[in-house]
Structures are given as C-alpha cells and as structure tokens.
Amino acid sequence: MCAESIKGGKLARQAAMLCQDAQFQLYLDRRRRAKHGMTESQLPDGTHNTEDARDWLCAACQIQSRAELDHHVTAAATFRRIRQRFQVWKQRPGREQ
C-alpha cells in the first residue's frame, strides 16, 4: 500500500498532536542524551522540533507517514508504547518542566 494513497485516522491525528507537543520534543531531547551519554551542552533542551519529532516517530514505528499508523497493526502498537512511555515520563516526580 502506497503511503500517498492511505488516509490517516484517529492514530495519525494523535501522532500529529504528539509531535507538536513541546513536552514530547523535550522528552526526545532528554531520551537521546541519556541513550547516547551526551551532556546538555552537546544536545540542549529545545533541540527537537515538530519535524524532528515526526521523523523520529516514523523511524521508530518503521513507517513513511503517520497515516500508516491507522493501517499497520505493528506500527500502531509501537506508537501506543511510545505514547505510554512518554506519559510515564511526564508523571515522574521531580522531573523539571
């Protein structure tokens, strides 16, 4: 199925909103720093933007377009796990805003 021919639904809209969320972008900054052992001076907060978040999410879900989330079971499950991990991160006590 060609990415241009499919229509996004509920999950695609949720993914678009998530990528626009400044807290999700901050989560990606901090996640990348932790994963790669980087300092804040090497990767400052505010590095990821909406487009970076979209690119990261598509790569993580192994899709070309967020619309595919509504048509691929595996990609949808990956998206739900990402969203759930982000929600847990947001709830962590002592996490600076």
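Me: Which residues does Thr78 touch, not counting residues up to four places away in sequence?

Reply: This is a predicted model, so read every value as computed from that model. Here Thr78 touches Ala60 and Cys61. Thr78 itself lies in helix α4.

Me: Is Thr78 buried or exposed?

Reply: Compare its relative accessible area with the cut-off. Buried means under 20%. Thr78 has 15%, so Thr78 is buried.

Me: Which residues of α3 and α4 make the contact between these helices?

Reply: Start with the axes, then go to the residues. Helix α3 covers residues 50-61 and helix α4 covers residues 73-91. Their axes come within 9 Å and cross at roughly 125°. That angle makes α3 oblique to α4. The crossing is right-handed. From α3, the contact uses Trp56, Leu57, Ala60 and Cys61. From α4, it uses Ala75, Thr78, Phe79 and Ile82.

Me: How many nonpolar, polar and charged residues are in the contact of α3 with α4?

Reply: Sort the contact residues by class. There are seven nonpolar residues, one polar and no charged ones.

Me: At what angle do α2 and α4 pack?

Reply: Look at the angle and the distance together. The angle is about 90°, and the axes are 11 Å apart. Angles of 65 to 115 degrees count as roughly perpendicular. So α2 and α4 are roughly perpendicular to each other.

Me: Which residues meet there, in α2 and in α4?

Reply: Take one helix at a time. In α2 they are Gln23, Phe24, Leu26, Tyr27 and Arg30. In α4 they are Ile82, Arg85, Phe86, Trp89 and Lys90. By class, the contact of α2 with α4 has six nonpolar, one polar and three charged residues.

Me: How do I read the pair α1 and α3? What is their crossing angle?

Reply: Helix α1 spans residues 10-20. Its axis and that of α3 come within 8 Å and cross at roughly 130°. The two helices are therefore oblique to each other. Their crossing is right-handed.

Me: Which residues of α1 meet which residues of α3?

Reply: Ala15, Cys19 and Gln20 in α1 meet Thr50, Ala53, Arg54 and Leu57 in α3. The contact of α1 with α3 divides into four nonpolar, two polar and one charged residues. Leu57 is listed in this contact, and Leu57 is also listed in the contact of α3 with α4.

Me: Which side chain makes a polar contact with the side chain of His48?

Reply: Check the partner and the distance. The partner is the side chain of Asp29, at 2.5 Å. Then widen the view to contacts of any kind. Leaving aside neighbours within four places in sequence, His48 is in contact with Gln25, Leu28, Asp29 and Arg32.

Me: Where does Gln62 lie, and is Gln62 buried or exposed?

Reply: Position comes before accessibility. Gln62 lies in the loop between α3 and α4. Its relative accessibility is 74%, so Gln62 counts as exposed.

Terms used. Residues are numbered from 1 along each chain as its sequence is written. This is a predicted model: local features need pLDDT of at least 70, side-chain atom pairs count only at pLDDT 80 or more; totals for chains, interfaces and linings use all residues. Side-chain values use heavy atoms; hydrogens and water are left out. Axes are lines fitted to C-alpha atoms, for helices over the stretch in contact, and angles run from 0 to 180 degrees between N-to-C directions. Helices (H or I, at least four residues) and strands (E, at least two) are DSSP runs, numbered from the N terminus. Angles under 35 degrees count as roughly parallel, over 145 as roughly antiparallel, 65 to 115 as roughly perpendicular and the rest as oblique. A crossing is left-handed if the near helix is turned anticlockwise from the far one by less than a right angle, and right-handed if clockwise. Contact means heavy atoms within 4.5 Å. Ala, Val, Leu, Ile, Met, Phe, Trp, Tyr, Cys and Pro count as nonpolar, Asp, Glu, Lys and Arg as charged, and the others, Gly among them, as polar. A polar contact is a pair of N or O atoms within 3.5 Å; within protein, one must be able to donate a hydrogen and the other to accept it, and residues adjacent in sequence count only if both atoms are side-chain atoms. Buried means under 20% relative accessible area, exposed over 50%, partly exposed in between (1.4 Å probe, protein chains only).
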